[in-house]
Amino acid sequence: MVEQCKRLDAQARSGAVDLSEWVLAGFSGKCPDLAEHVGAVEVRRSAHGGRGVFAVKNIEAGANLVISKAVAIGRGVIPDAADSGEKMVVWKDLVDKVLDAAEKCPRTASLIYTLSTGEEPEDELPIPDMAHFKQETEELDDGTAMAPKASLDVDKILKVLDVNCLTEDAAPSANLLGSNGVVNCGVGLWILPAFINHSCHPNARRTHVGDHAIVHASRDIKAGEEITFAYFDVLTPASKRREAARAWGFECQCDRCRFEASDAIVGQELTKLENELVNGRGGDMGALVVRLEERMRKSMVKERRKAFLRASFWSAYSALFDSDKLVRKWGRRVPGEAAVAESVAGAIGGNESVLRAMLRGADNGNGCGNRLEVEDKVVRIGRATYGRVVKRQAMRALFRLTLDADSNKSL
């Protein structure tokens, strides 16, 4: 017990996590204990309005930024992803747990009140002292007192939950939990991660382990840069992402979305290709990819922006590389699978689907470079996807799970 306390204390200070044994054991047994950690980040005013979380020093890809324990989580195993009734049961379970936690602990209630309800003017939202997230005092020095047990603002807490909850969609074992047609539904409230804004060109990613959310840098982050992760699937065309953002109640103003909305050179052709991708199910995705690549080449689109567009048309690239027939037909006219995956990773950071493509492309030796270069690229995208939570041997086990998920999907 003493050794465990020392380990957790060191983890709280450093943010270093090693889940290797758990991963190599196939996620069996008790979920590893984790300590909460706040790295070199702080809450500030965001240039896009409201508040956000910012790096206070340069941070390397894979480094843990925040380890946060949920106030509460509602979970359920839902056979049908469209079953709204079962989802409401999970939501009610979450609400009951959050209200119970806030009633029992004034500090928890005070932390919940630091979050936005979505109704306040963004310029009037206070910037919380980072001591909120680091100390266990009963009174905080930024003027926010702990709420008495009997005076919970239930209406405000419900509004906070409505706009700040996150889903458990990044766990290393998600592929196992989601197999055989069963959808694992988990939604919870993690206070500091809830301050992190969305971007379709994110620089961070979260991994859920038990009741904890680990937020890590999915690419190198400069001091002063805002930390962002994706609220929804960003491997989709701009029109679909706009729809998703509006459902969340905002318009994404990241550099990727601004480029795709304003670039006159590729804009008209991009709209045509998007319509074909969204509405042309069953069509020749290889032909669509070739047209996109040729348009980018003729328009002399820079590599960074090529990555944005490839990410937007990722489903078309995936359909191409998933089909031996399409690869034989179009393969010589498009970059190799690993090269495309590496490019897309530059746009959206880590992602299991992109990692899977990189692993397949590397295995095929398709435009990856020499063996050492290949290994370096694979590990880099692996770190962007999972962070530095496992050692290399366990990372290979995660790679195998990623490829196994691909095999099961094709059956």
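**Reading helix packing, burial and cysteines**

Student: In this structure the axes of helix 3 (residues 84-104) and helix 5 (residues 154-164) come within 11 Å of each other and cross at roughly 130°. By what are two packed helices described?

Tutor: Two packed helices are described by the distance between their axes and the angle between them. This is a predicted model, in which local features need pLDDT of at least 70 and side-chain atom pairs count only at pLDDT 80 or more, whereas totals for chains, interfaces and linings use all residues. Residues are numbered from 1 along each chain as its sequence is written, and side-chain values use heavy atoms, with hydrogens and water left out. For helix 3 and helix 5, the axes cross at roughly 130° (axes are lines fitted to C-alpha atoms, for helices over the stretch in contact, with angles from 0 to 180 degrees between N-to-C directions). That makes helix 3 oblique to helix 5 (under 35 degrees is roughly parallel, over 145 roughly antiparallel, 65 to 115 roughly perpendicular, and the rest oblique).

Student: Which residues of helix 3 and helix 5 meet?

Tutor: From helix 3, Trp91, Val95, Val98, Leu99 and Ala102 meet Val154, Ile157, Leu158, Leu161 and Asp162 of helix 5, where contact means heavy atoms within 4.5 Å. The residues of this contact comprise nine nonpolar, no polar and one charged (Ala, Val, Leu, Ile, Met, Phe, Trp, Tyr, Cys and Pro count as nonpolar, Asp, Glu, Lys and Arg as charged, and the others, Gly among them, as polar).

Student: At what angle do helix 8 and helix 11 pack?

Tutor: Helix 8 (residues 255-262) packs with helix 11 at an angle of about 85°, their axes being 10 Å apart. That makes helix 8 roughly perpendicular to helix 11. Asp255, Arg256, Phe259 and Glu260 in helix 8 meet Arg304, Arg305, Phe308, Leu309, Ala311 and Ser312 in helix 11, and the residues of this contact divide into four nonpolar, one polar and five charged.

Student: How many helices and strands are there in the protein, and how many residues of helix 4 are buried?

Tutor: The protein has 17 helices and 11 strands (DSSP runs numbered from the N terminus, with helices being H or I of at least four residues and strands E of at least two). Helix 4 (residues 106-113) is mostly covered, since eight of its eight residues are buried (buried is under 20% relative accessible area, exposed over 50%, partly exposed in between, with a 1.4 Å probe and protein chains only). Among them are Arg107, Leu111 and Tyr113. Of the 411 residues in the protein, 50% are buried.

Student: Where are Phe27 and Met300 found, and is each buried or exposed?

Tutor: Phe27, which has a positive phi of about 65° although it is not a glycine, is found in the loop between helix 2 (20-24) and strand 1 (37-38), and with a relative accessible area of 12% Phe27 is buried. Met300, also not a glycine, has a positive phi of about 55°; Met300 is in the loop between helix 10 and helix 11 (303-312), and at 72% relative accessibility Met300 counts as exposed.

Student: How many disulfides does a search of the whole structure find?

Tutor: A disulfide is a covalent bond between the sulfur atoms of two cysteines. A search of the whole structure finds zero disulfides (a disulfide being a pair of cysteine sulfur atoms within 2.5 Å). Cys252 is in no disulfide, and its nearest cysteine sulfur, that of Cys254, is 3.5 Å away. At 16% relative accessibility Cys252 counts as buried, whereas Cys5 is partly exposed, with a relative accessible area of 46%.
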